[in-house]
Amino acid sequence: MVSIGPDTYGEHLVGVLGGTRHATVDGAGTVRPQRALWSLEWWIGGDDRWHVPAHEAAVRRSLVDDMPVVRTAMRIPGGDAVHEVYGVTGDAVVIDVENASPAPFVLAMVVRGATVVARSDTTVLVDSVPAITALRPPSRWASSSTGALESIVTSGGAHEAEMPVLRDRHATLDCAFLYPVAHRTRLRFAVALGRHDTAGVRELDLTAMPDAATVVRGWQAQLARGMRVELPDPARQSEIEAARACVLLGGQANLPAPAVVAALEDWGFDEEALTAWHRLGFFAKRRAARRDVGASPASSPGSMGSGSAALTAAHRLLAIRRQLLREDARTLQLFPEWPSAWNGQAVDVRDAPTRLGPVSFSVRWHGERPALLWEAPAGAQVCAPGLDPTWASSDQRGETLLARAQ
């Protein structure tokens, strides 16, 4: 598992391949369905006090095995409250909240920024759409249109009575739904991704939904294709895996960014790249083809949201690709940049797509000298300027001992 701080992507995408909708998860575990005006927070009422992730220092966000399964753990007395979000269908994401502590707590699922909220048994309707469902109905509820919801909940002001339909035309309605959670157990929710779905999540069988581990394995199977790399830097390796999954999700947008399409092409996700390419406008296609994709949104502190997450991931992949492989007419530059920190360590690149065909190459070491192994498409000349600027070959495959690394 790799820890991802709030400044890495800001928000992470969750969803499924083949879907047209996704959600974002921020550093506090807040979930926002795509194009929805509302968001869904989680608070924990422990033995000591209420814990609100946005206000807590002891909150850790991570991606489970670098895949789009976002895990947010918050410290509470005796253990953690653990919140996991992942895609299960094209229409919904799952939220699992686990009480990993020896004492029971109260979970508040908090809808922010709604205009209309109603409840029907286990389902919460937000803006007239069945939006959130659980295995059991909440025990209490609270609402506010004045920003006072946290004060109401933490002071014990939640209601047990039947909840009426609540409305606020200014979209400032906040509602909390409270669920007791026994120690060492978990509670599951499904959150709808569509704004106009008449059935929503009510038809989903929560007991049949896959768990996080199953979803991770599914994503790992999907990523066992395209260009794969193995770097000696574990943190950077994790960034690559997370970014590959993120651009696959970002490429499903109705209007994907040119950088996302370029990253899909450069990393060998051909089917997804072709689908995304057809969704680009004329000028966006020109930018993608020329790799004129602008600066990464990571350089813009105020940039947030699903588009920003996919853009940041795409720019990261494009930068790593340029470090590992560049094309110039019929010449393939293998390792055009070689960090000295990699000296003495193995690096592998598999099935990297080029205009001439796929290329695979690796570096092994004989003492202080790098040995380059390669398999290139016919007709290509290969060189390795980052390792040995004097070496080049027209052989389709081979192994050579290069000069001493700089």
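**Aromatic pairs, cores and elements of a predicted model**

Seven aromatic pairs are counted in this predicted model, where rings of Phe, Tyr and Trp pair if their centres lie within 6.5 Å. One of them joins Phe335 and Phe361: the ring centres are 5.0 Å apart and the planes stand at 85°, so the pair is edge-to-face, since planes over 60 degrees apart fall in that class. This pair links distant parts of the chain, with Phe335 in the loop between β21 and β22 (347-352) and Phe361 in strand β23 (residues 359-366), 26 residues apart. Both partners, Phe335 and Phe361, are buried. The rings of Trp338 and Trp342 likewise form an edge-to-face pair, because their centres are 5.4 Å apart and their planes meet at 90°. Trp338 and Trp342 are each buried. A single aromatic cluster comprises Phe335, Trp338, Trp342, Phe361 and Trp365.

The surroundings of Phe335 extend beyond the aromatic rings. Leaving aside residues up to four places away in sequence, Phe335 touches Gln323, Leu324, Val347, Phe361, Ser362, Val363, Leu372, Ala384, Pro385, Gly386 and Leu387. Phe335 also belongs to the largest nonpolar core, a set of 72 residues in which Leu324, Leu334, Phe335 and Leu372 have the most contacts. Helix α8 (residues 306-324) gives the most to this core, contributing eight residues. Another core lies apart from it and has 43 residues, among them Val14, Ile76, Ala81 and Leu173.

Strand β20 (residues 325-328) pairs with strand β21 (residues 331-334) in the antiparallel sense, over four bridges. Within this pairing, Glu327 has Leu332 of β21 as its bridge partner. Two residues lie between the strands of the hairpin, and Ala329 takes a positive phi near 55°.

Strand β13 (residues 123-126) runs antiparallel to β14, and four bridges join them. Two residues separate β13 and β14 in their hairpin, where Asp127 in the turn has a positive phi of about 50°. Strand β14 (residues 129-134) is mostly covered, with six of its six residues buried. This strand also pairs with strand β18 (residues 186-192), in the antiparallel sense and over three bridges. Ile132 illustrates both pairings of β14: Val124 stands opposite it, and its bridge partner in β18 is Val191.

The buried residues are Pro258, Ala259, Val260, Val261, Ala262, Ala263, Leu264 and Asp266. Just after α5, Gly268 takes a positive phi of about 80°.

Helix α6 (residues 270-277) has Glu272, Ala273 and Ala276 as its buried residues. Viewed down the axis of α6, these buried residues fall within an arc of 100°, so they line one face of the helix. In general, an α-helix has 3.6 residues a turn, so residues three or four places apart point the same way. The buried residues of α6 pack against α4 (234-250) and α5 (258-266). Turned away from the buried side is the face of α6 that carries the exposed residues Asp270, Glu271 and Leu274.

Pro104 is located in the loop between β10 (92-100) and β11 (105-114). Not counting residues up to four places away in sequence, Pro104 touches Asp47, Asn99, Val181, Ala182 and His183.

The predictor's confidence remains to be considered. The average pLDDT of the chain is 92, and 93% of the residues score at least 70. Over residues 1-9, however, the pLDDT is below 50, although this stretch has 26 contacts in the model beyond near neighbours in sequence. Residues 299-305 also have a pLDDT under 50, and for them the model has six contacts beyond four places in sequence.

How values were computed. Residues are numbered from 1 along each chain as its sequence is written. This is a predicted model: local features need pLDDT of at least 70, side-chain atom pairs count only at pLDDT 80 or more; totals for chains, interfaces and linings use all residues. Side-chain values use heavy atoms; hydrogens and water are left out. Buried means under 20% relative accessible area, exposed over 50%, partly exposed in between (1.4 Å probe, protein chains only). Two strands pair if DSSP finds at least two bridges between them. The arc is that of the directions from the helix axis to the C-beta atoms. Contact means heavy atoms within 4.5 Å. A nonpolar core is a set of buried Ala, Val, Leu, Ile, Met, Phe, Trp, Tyr and Cys residues joined through side-chain atoms within 4.5 Å. pLDDT is the predictor's confidence in each residue, from 0 to 100. Rings of Phe, Tyr and Trp (its six-membered ring) pair if their centres lie within 6.5 Å; planes under 30 degrees apart count as stacked, over 60 as edge-to-face and the rest as tilted.
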